[in-house]
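Visitor: Hi! Could you walk me through how the helices in this one pack together?
Guide: Happy to, let's have a look.

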Amino acid sequence: STYALGFLGIITFCVLANYAIGRRLAGGLAGFVAACFVLTDVGGFREGGFVFTIQYGVWPLHLGVTLSLLALASFLELGHRPAGRGVIRLALLIAAALLAHPVALIFLVLALPTAGLLQYLRRAATASNQSRLPES
């Protein structure tokens, strides 16, 4: 049926997206482990995983969390590339995550400012350490 194909597409998207996020942030092995966790997490009622996503049919939550993670990865990449299209991609991912499930709001409100603060502190520490190095 159409619902089954759509559901299969969303689950496939979530697995591949989690692989891509893990690979981008921590390497291929991390991406593989993240994808395996998405596929093998049994979970339970109100715990996510297979039971919550498939048996209870709360797959929009899974989609919202995956889109939120993609938004976080996109946000982290903004520090390494010129803004341009990256800002548009970030805005579209945030909008899609919020439309998929409201839990994305909780995640994004906490994760994005925290990630921004940590990036700022990391850059400040790097700049401070570079200014202390003796010139050769």
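Visitor: What is the handedness of the crossing where α1 passes α4?
Guide: In this predicted model, the crossing of α1 with α4 is left-handed.

Visitor: And at what angle do the axes of α1 and α4 cross?
Guide: Roughly 30°, with the axes coming within 10 Å. Angles under 35 degrees count as roughly parallel, so that is the label for α1 and α4.

Visitor: Which residues of α1 and α4 meet?
Guide: On the α1 side they include Tyr3, Phe7, Ile10, Cys14 and Ile21, and on the α4 side Trp59, Leu63, Leu67, Leu70 and Ala73 are among them. By class, this contact has 16 nonpolar, 3 polar and 2 charged residues.

Visitor: Switching to rings: how many aromatic pairs are there?
Guide: The count is 2. Tyr3 and Phe7 make a stacked pair, 6.4 Å centre to centre with 10° between the planes. They sit 4 residues apart in helix α1, which means about one helical turn separates them.

Visitor: What about the rings of Tyr3 and Trp59?
Guide: Their centres are 6.4 Å apart and their planes lie at 65°, so that pair is edge-to-face. Because Tyr3 belongs to helix α1 and Trp59 to helix α4, the pair ties together parts 56 residues apart in sequence.

Visitor: Which residues form the aromatic cluster, then?
Guide: Tyr3, Phe7 and Trp59 make up one cluster.

Conventions
Residues are numbered from 1 along each chain as its sequence is written. This is a predicted model: local features need pLDDT of at least 70, side-chain atom pairs count only at pLDDT 80 or more; totals for chains, interfaces and linings use all residues. Side-chain values use heavy atoms; hydrogens and water are left out. Axes are lines fitted to C-alpha atoms, for helices over the stretch in contact, and angles run from 0 to 180 degrees between N-to-C directions. Helices (H or I, at least four residues) and strands (E, at least two) are DSSP runs, numbered from the N terminus. Angles under 35 degrees count as roughly parallel, over 145 as roughly antiparallel, 65 to 115 as roughly perpendicular and the rest as oblique. A crossing is left-handed if the near helix is turned anticlockwise from the far one by less than a right angle, and right-handed if clockwise. Contact means heavy atoms within 4.5 Å. Ala, Val, Leu, Ile, Met, Phe, Trp, Tyr, Cys and Pro count as nonpolar, Asp, Glu, Lys and Arg as charged, and the others, Gly among them, as polar. Rings of Phe, Tyr and Trp (its six-membered ring) pair if their centres lie within 6.5 Å; planes under 30 degrees apart count as stacked, over 60 as edge-to-face and the rest as tilted.
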